[in-house]
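Reader: Please take a close look at the surroundings of the two ligands, with the terms spelled out.

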Amino acid sequence: MAKIGIYGSSFDPITDAHLFTANTVAKRCKLDKVIFLPCSSKRQDKKLYASDEQRVKMIELAIEDNEKFEISDYELNQLAWEIATYKTMKYFRQQYREDEVYFIMGADLLVDIGAGKWQRADELIQENKFIVMARDGIDMLTAISRSPILRNADDGQTFHLIDKGIALEISSTFIREEFHVGGDPRYLLPNAAYNYIKENDLYGYNRKK
Ligand SMILES: Nc1ncnc2c1ncn2[C@@H]1O[C@H](COP(=O)(O)OP(=O)(O)OP(=O)(O)O)[C@@H](O)[C@H]1O
Ligand SMILES: O=C(O)c1ccc[n+]([C@@H]2O[C@H](COP(=O)([O-])O)[C@@H](O)[C@H]2O)c1
């Protein structure tokens, strides 16, 4: 039985924090594979800045030298109103019937799910297992205890909490802002993605030059 982690994100753009956290949870949780799952720009709840094709290209460039890392275009091909992590995880559990599948996420998302902000949050939590990484100083045990849907689904196996030596301040927003104002976020993201942004003038790269 293999262990598969699904890492969902806008990857707008992919950062070194995405790669570091994916690699760290793969090592510590003994995952055989991490699948990078870019969300669709058809998504209504978050504004995206680069196109689906551009974000996919940056992920491909960033992960090509790691044999445990893969990318899935599953959500990019879904109809707008059908996109939900609940449905996505159902699909991956069916694809990997013999294996153990985990959704990988930061603690910020744990809080959102616990507050019932996600579609079918209750069922999502009941039916899946999660690897949750510390972020933004959030106390993950308190977040689980405070949310009725999180604490009642927790049989001791639902949440794998990774809170030691994983927190990094890097975010996609910070990188986009730096490009936008003429700063230089080089070294906060993979070099190939950085060059791709420059060559394709993403995130207002050339505006301040
Ligand atoms: N530095 C980090 N530490 C822990 N988890 C992270 C980190 N950066 C991103 N993640 C996790 O990666 C997933 C995708 O995050 P997302 O694409 O929103 O990244 P982001 O950098 O926060 O982007 P944005 O700034 O555009 O919101 C989430 O589960 C998020 O918690
Ligand atoms: O299913 C939902 O309702 C839902 C709501 C918000 C976010 N998500 C998923 O959470 C992952 C990270 O999202 P975000 O907002 O941090 O880019 C990504 O895979 C999204 O599709 C999912």
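Author: The two ligand shells are described in turn below. This is a predicted model, in which local features need pLDDT of at least 70, side-chain atom pairs count only at pLDDT 80 or more, and totals for chains, interfaces and linings use all residues. Residues are numbered from 1 along each chain as its sequence is written, and chains are lettered from A and ligands numbered from 1 in the order in which they are written.

Around ligand 1 there are 19 residues, of which Ser 9, Ala 17, Gly 106, Ser 172 and Thr 173 are the closest. A residue is near a molecule if its C-beta atom, placed from the backbone, lies within 6 Å of it. Two or more residues of this shell come from each of α1 (16–28), β4 (100–106), α4 (107–114) and α8 (172–180); helices (H or I, at least four residues) and strands (E, at least two) are DSSP runs, numbered from the N terminus. Helix α1 gives the largest share, three residues. By class, the shell of ligand 1 holds seven nonpolar, nine polar and three charged residues. Here Ala, Val, Leu, Ile, Met, Phe, Trp, Tyr, Cys and Pro count as nonpolar, Asp, Glu, Lys and Arg as charged, and the others, Gly among them, as polar.

Ligand 2 has 13 residues around it, and Gly 8, Ala 84, Thr 85, Trp 118 and Gln 119 come nearest. At least two residues of the shell are supplied by β1 (3–9), and at least two by α3 (85–95). The shell around ligand 2 divides into six nonpolar, five polar and two charged residues.
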